[in-house]
Amino acid sequence: MSNYIILVPLLPLLGFLLNVFLGKKHFSKAMVTTIALGSVALAFLVTVITFFEFLNSGEESIKVTYYQFAQIGSFSLPFSLLVDPLSLLMMLVVTGVGFLIHIYAVGYMSHDVDYPRFFSYLNLFMFSMLLLVSSANYFFLFIGWEGVGVSSFLLIGFWFKNTNFTYAGMKAMLMNRTGDLGFFAGIMLIYVVFGSLEFDKVFSRANDFESGTFIITMITILLFIGASAKSAQIPLYTWLPDAMAGPTPVSALMHAATMVTAGIYLIARSNILFALAPVTLNIVAITGLCTALLAAFIALSQNDIKKVLAYSTVSQLGYMCMALGVTAFSSAMFHFMTHAFFKALLFLCAGSIIHAMSNEQDVRNMGGLKKHLPITFLTFLLATLAIAGIPPLSGFFSKDEILVHAFEYNVVFWGFALFGALLTSFYMFRLLFLTFYGEFRGTHEQKHHLHESPNVMTYPLIILAVLSAIGGFVGIPQLLGGSQKFDKFLEPVFSKAELKLSHLETAHLSHATEWTLMGVSIALIIMSILLARRIYFIKKIIPVSEKVKLSFWHNLSYHKFYIDELYRYILIRPMHFIHDFLNLRIEAGIIDRKVNGTGDAVMGFSKYLRLLQNGKTGYYIFGMVIGLVVILALNFIF
Amino acid sequence: MGSISINYYLYLSSILFALGILGVLTRRNAIIILMSIELMLNAVNLLMVAFSAFMGDSSGQIFVFFIMLVAAAEVTVGLSIVVMIYKHNGSIDINLIDKMKW
Amino acid sequence: MNYIYIFTGLGVVSLFLGLLEKEKLIKYLTGFVLLISLGIIFTLDEKGSYFNQMLLADDLVNPMLKVLLFLGLCHFILFYNTGEEFKLPTAEYTALFCFILVGAIVVTLEFNLVMLFLGIEIISIGLYIIAAGNIQDEKSREASLKYFLMGSFSTGIFLLGITFIYGVTGSFLLSDIKTVSSGIPEGSSPLLLLGTLLILSGLAFKASAVPFHFWTPDVYQGSPTHVTAFMATLVKASVLFAFIRLFNQAFLVTSQTWQNSLWLIIALTVTLGNVTALYQTSFKRMLAYSSIAHAGYMLMGVLVPEDPSYKSILFYALSYSLASLTLFGIYFLLEKKGKADALESFRGLAKQNPELAVLAAISLSSMIGLPPAAGFFAKLNIFTQAFINGYTLLVAIALITSLIGAFYYLRVIGLMFKMDNSVEKIHVGLPFRLIVWVQVILLIVFGIFPALIQ
């Protein structure tokens, strides 16, 4: 079945093509839905079958080459896909969670005029993402990478009649592009250094390199730049909150579960390269931690439900990044999986709420929704508990693993990471309390309209909730008597890297330490939950409206640390200035003259050249003879 | 064939050929040009036969038949084209046939 | 070899049927035969030699035959309803196209200078005739005359070259030529050198290389559009194949002699072709200059003495021909609407006929060499081969001129998408549509799977 793996990206591509060309005019809504959902469902099915086959086969990785895409001289570029634990994991999550979100979107977008267009874009995205994670070489990974960037742009700015939304799409695109530059440079370096872009070749040749080789460090830094743009790390994260302009299913799919994890995937895939560059690993870890903290801090004071979730995503991505940086690769992937479950769930719930509240997104106008949206409430509660890290939900296991590894790396690190976890639980519960408890604060009409979402939207919620609850059980640490299936599954992918790093291995923690850590974190988390409860539930404090003056720290958090404004100041304003300068003085003055001059010269040349052809046969033949004579003469004189 | 060396044939053919080219270049009457082209082709024929004889290989002479065959076909077509031009333009002066230029 | 019989037969039959005024039957018959032949060539490879190795069908030949027949079929479908408008009725056109196709097949199969000569002549004489397809149109007559005069002239030169080669090697057979000339030390035989150069010049004429290109703009412009389409695609492809056969096989060993001259020719060709095209207002003339330039690019493949070069030339020829056919086809429709032969006829095409505009745009971008159309990979291949073999300067020249050339293609694209109210909606017949779509899709497919063309 592995040979059919190409179906996984291909089916959504077909869905895209069918829907984009024929969907609007020729297909009924039901047809569009069937194609869009069907393709993803089938892709999921293929992935699952391949997965089980793979488990049974006991292989480490299977590379399927379909055809030779290009062969120029010694540069050979086959189109091949890779079936290995990492890619299978990604594919399962992408198709599985993706499918659930597709189902949800049927309900959410049912009133939208551009229904076919939406689903065709979704399929395009699925195709790109699946290509990205299943590719067996950097080239096609990059193609998928670009593809998700384009899809992201299209989907964020889906309701393009609103220019703000399109700006958001552009912002996302631009930031992504910046990262892509780095990524592309990294790819080129990889080719230069390793002579190939195929994963198997690059990684086996990497084995021969010494740790700390400069060029490898360069490569990894460049790859990280690309990854940080896609996965919203400092400093390229500001696009993600703005990306909330897109429809909520989009936010759920791309900006929670899948696209933003592309960067994480990239680093995980290139683990051996990163293992050879400790400097980069440190950078990755620190960046991850800082991002996690910064975003969590900002999330504390946001009032838009989707923005809170967006910053939460940035923060969680920071955790994944940090995990990669401390070489806890499989922990990062574990957290990726659990995060996909509960974050997608959170977003879908948010969508449910927004839908019920007639497109209201400000939590200050919500409250007491517990009664009206019971299913949404329960699932949201579950997801919140998961993200906070309460056992035995999935989030607990993955977060705990990361914290343990952080502790192994550096105690201070762990301290900050734990602090971030506390912030996480705090702001999530804040969100929960403000939204679902207390008195309803919205308008009369909104109250009238409140209703639980239709089944097509709630079923995915329930499934995701179940996954969020039990998803962690594949990774129960030995500590608690588990078998760490998850780690074992991913082991082949990371084993070589682990070997390289073995000299850096710090001593494994004793069980006692682990228990302590676990206990400490659970205790503190519960305390933060109680604190949130105290503030928002018992004391019923509601965030104030814009006009009221806030305290310093509050201000800082609310205004997102003024980072956007900072960017505008230090990047955009000078950019405009330089642009004006270059444009007027240099561009118009000098370069334009030269370029236009060249163009005019060529045109002039052409004008005269064509007079060569004056229509007279005799002249033509004469020209031929002259040419012949010249050729002969040249040959005989030399 | 022994007494006259191949060089003389070469010279003769080349001169004939050159004459043909000259004719094509300098003349304005389409039919004369046609004749000059024929001259060129015949110069080639001559040389081909000469080579064939000197090397004792008859394929050259066979080829001459082919050339003559093709030349005949060419002339047929060519003359009909010239006639067509004459019928519509009233003249076969090639310098006057220059509606397409530049 | 069978194909020669088939198509000669078809041509003769068409003439007879024309006598009996059974026009429709001719069309169906031709289409049918073309389809069958295409089917056969794809399932059964031609192998073996005929007439004592005068005609040889080896591995080099089969892909070429496939391409030829396929292009022939496309061309036929695109333009099959031409007979009525023009003076030459269907029978004659069909017969002549068949004969020219036979000539092209002979050129493909040839392994002997005699056959090469024959094939080229069959093609040329056929073309002289149908270039004058629009007898009423003075441009057409002029084109025919010019082509004839200059063509015969170059035939003369070609023949002289053959004679010299014969004189030195004693045989017409390409393999013999190769053997004998490898035994001759460099520079000791001026006759060999002269012969090679003369043959080069003669063939260069057919392929529209500078400085033997003068006929191309006039003849392309003057001939009826479907004839031009035939010339630009099938004929060019066959001539280039002849180049490959000759220069990459027979004359391989004497490469020192002709490579420099070819280098010069190529440099001049790509420059002149692209630059002169910039200032053209006539679409067909512009395409003529463009085909000059493309011939130059394809010739770059001849410089490289290796097997891959053959594939890259073939690929280039195929992608160029597909794009060309599409463009000529679309232009043909525009022409029928009564506009003069001008670029302006493309103005505002997108408004009423978006489908056509898109198809034309894709073909044009293939000609420019933009991914993901096939033209990009074709150019990439040829340029890389040349580059690897050390022709850096030439590649640079080719790149620059290619860039310059992009302009006139882009201009057409720009014109098409200007939303001016110009051309009214053109009703396109189904077969035409079908084949154009097929062509364009192939262009894209080959752009994505370039390795497919083996």
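Select B:Val44 to begin. Leaving aside residues up to four places away in sequence, B:Val44 touches B:Phe17, B:Ile67, C:Gly156, C:Leu159, C:Leu160 and C:Thr163; two residues are in contact if their C-beta atoms, placed from the backbone, lie within 7 Å. The model is predicted: local features need pLDDT of at least 70, side-chain atom pairs count only at pLDDT 80 or more, and totals for chains, interfaces and linings use all residues. Residues are numbered from 1 along each chain as its sequence is written, while chains are lettered from A and ligands numbered from 1 in the order in which they are written.

Next, colour the nonpolar cores. The largest nonpolar core has 208 residues, and B:Val44, C:Leu68, C:Leu203, C:Phe243 and C:Met300 are those with the most contacts inside it. Such a core is a set of buried Ala, Val, Leu, Ile, Met, Phe, Trp, Tyr and Cys residues joined through C-beta atoms within 7 Å. A residue is buried if 20 or more other C-beta atoms lie within 10 Å of its own. Helix 13 (residues 307-336) of chain C provides the largest share of this core, 17 residues. A second, separate core of 202 residues includes A:Phe140, A:Ile190, A:Ala332 and A:Tyr427.

Chain C holds 18 helices and two strands, where helices (H or I, at least four residues) and strands (E, at least two) are DSSP runs numbered from the N terminus. Of its 454 residues, 63% count as buried.

Select helix 3 (residues 61-79) of chain C. At 1.5 Å a residue, the 19 residues of this helix should span 27 Å, and the end C-alpha atoms are 27 Å apart, which agrees; the expected span is 1.5 Å times one less than the number of residues. Helix 3 of chain C is mostly covered, with 16 of its 19 residues buried.

Bring chain B back into view. Here 30 residues of chain C are in contact with 31 residues of chain B. Helix 5 (113-131), helix 6 (138-169) and helix 9 (215-222) of chain C each give two or more residues to this side, and helix 6 of chain C gives the most, with 16 residues. The side of chain C that touches chain B divides into 15 nonpolar, nine polar and six charged residues. Ala, Val, Leu, Ile, Met, Phe, Trp, Tyr, Cys and Pro count as nonpolar, Asp, Glu, Lys and Arg as charged, and the others, Gly among them, as polar.

Finally, show chain A. This contact takes 28 residues from chain C and 27 residues from chain A. By class, the side of chain C that touches chain A has 21 nonpolar, six polar and one charged residues.

Key
A residue is buried if 20 or more other C-beta atoms lie within 10 Å of its own, exposed if 12 or fewer, and partly exposed in between; C-beta atoms are placed from the backbone.
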